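Dear colleague,

I am passing on the structure we spoke about, and below it you will find my notes on what was found. Please read them with the model open beside you.

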Amino acid sequence: VIRETNNATARIFPAVPNVNAPDYFPKMDQLVVLNNKLAEIGANGSPAALQNVQKAPIIAQMVGIMLDLMWATPIECGTLDREETPKLEYV
């Protein structure tokens with residue numbers, strides 16, 4: 001699903017994430033694991049303040065991974081400018 005969505009997005013936008021990079025899906029899997037840890041902490045019934053302290057380092061890890069994914073070299077696939085002015089045609 002991710003690859004097909006990326007292919008469709010490449011038709012519209014000038015650059016898309018490189019989902020074929022060897023470290024892309026392992027990083028996404030790591031985000032899933034960390035998200036599950038956040039859910040476990042939220043469901044453990046401990047006081048909210050303690051949950052926030054427990055969640056902080058996990059959220060920091062997630063932000064780091066997301067920034068790493070965001071700063072990865074994208075695939076250049078489209079154009080940023082148009083050579084001609086679009087024409088309106090009425091049929």
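The largest nonpolar core consists of 10 residues, namely Val19, Tyr24, Leu31, Leu34, Leu38, Ile41, Ile58, Met62, Ile65 and Leu69, where a nonpolar core is a set of buried Ala, Val, Leu, Ile, Met, Phe, Trp, Tyr and Cys residues joined through side-chain atoms within 4.5 Å. Two or more residues of this core come from each of helix H2 (24–43) and helix H3 (48–70), and H2 gives the most, with 5 residues. In soluble globular proteins, nonpolar side chains tend to be buried together.

This is a predicted model, in which local features need pLDDT of at least 70 and side-chain atom pairs count only at pLDDT 80 or more, whereas totals for chains, interfaces and linings use all residues. Residues are numbered from 1 along each chain as its sequence is written, and side-chain values use heavy atoms, with hydrogens and water left out.

As to the overall layout, the protein chain has 3 helices and 2 strands, and from the N terminus on these elements follow the order α-β-α-α-β; helices (H or I, at least four residues) and strands (E, at least two) are DSSP runs, numbered from the N terminus. Of the 91 residues in the protein chain, 16% count as buried, with buried meaning under 20% relative accessible area, exposed over 50% and partly exposed in between (1.4 Å probe, protein chains only). Among contacts between residues at least 6 apart in sequence, 57% join residues at least 24 apart, a contact being heavy atoms within 4.5 Å.

Turning to the helix pair, the axes of H2 and H3 come within 10 Å and cross at roughly 165°; the axes are lines fitted to C-alpha atoms, for helices over the stretch in contact, and angles run from 0 to 180 degrees between N-to-C directions. The two helices H2 and H3 are therefore roughly antiparallel to each other, since angles under 35 degrees count as roughly parallel, over 145 as roughly antiparallel, 65 to 115 as roughly perpendicular and the rest as oblique. By class, the contact of H2 with H3 comprises 12 nonpolar, 6 polar and 4 charged residues, with Ala, Val, Leu, Ile, Met, Phe, Trp, Tyr, Cys and Pro counted as nonpolar, Asp, Glu, Lys and Arg as charged, and the others, Gly among them, as polar. Ile58, leaving aside its neighbours within four places in sequence, is in contact with Leu34, Lys37, Leu38 and Ile41.

Some individual positions follow. Ser46 is found in the loop between H2 and H3, counts as buried at 18% relative accessibility, and touches Gln51 and Gln54 when residues up to four places away in sequence are not counted. Asn18, placed in the loop between strand E1 (15–16) and H2, is partly exposed, with a relative accessible area of 27%; leaving aside its neighbours within four places in sequence, Asn18 is in contact with Tyr24, Thr73 and Ile75. Val33, which lies in helix H2, counts as partly exposed at 46% relative accessibility, and its C-alpha atom is separated by 10.0 Å from that of Met62, 29 residues apart along the chain.

With best regards
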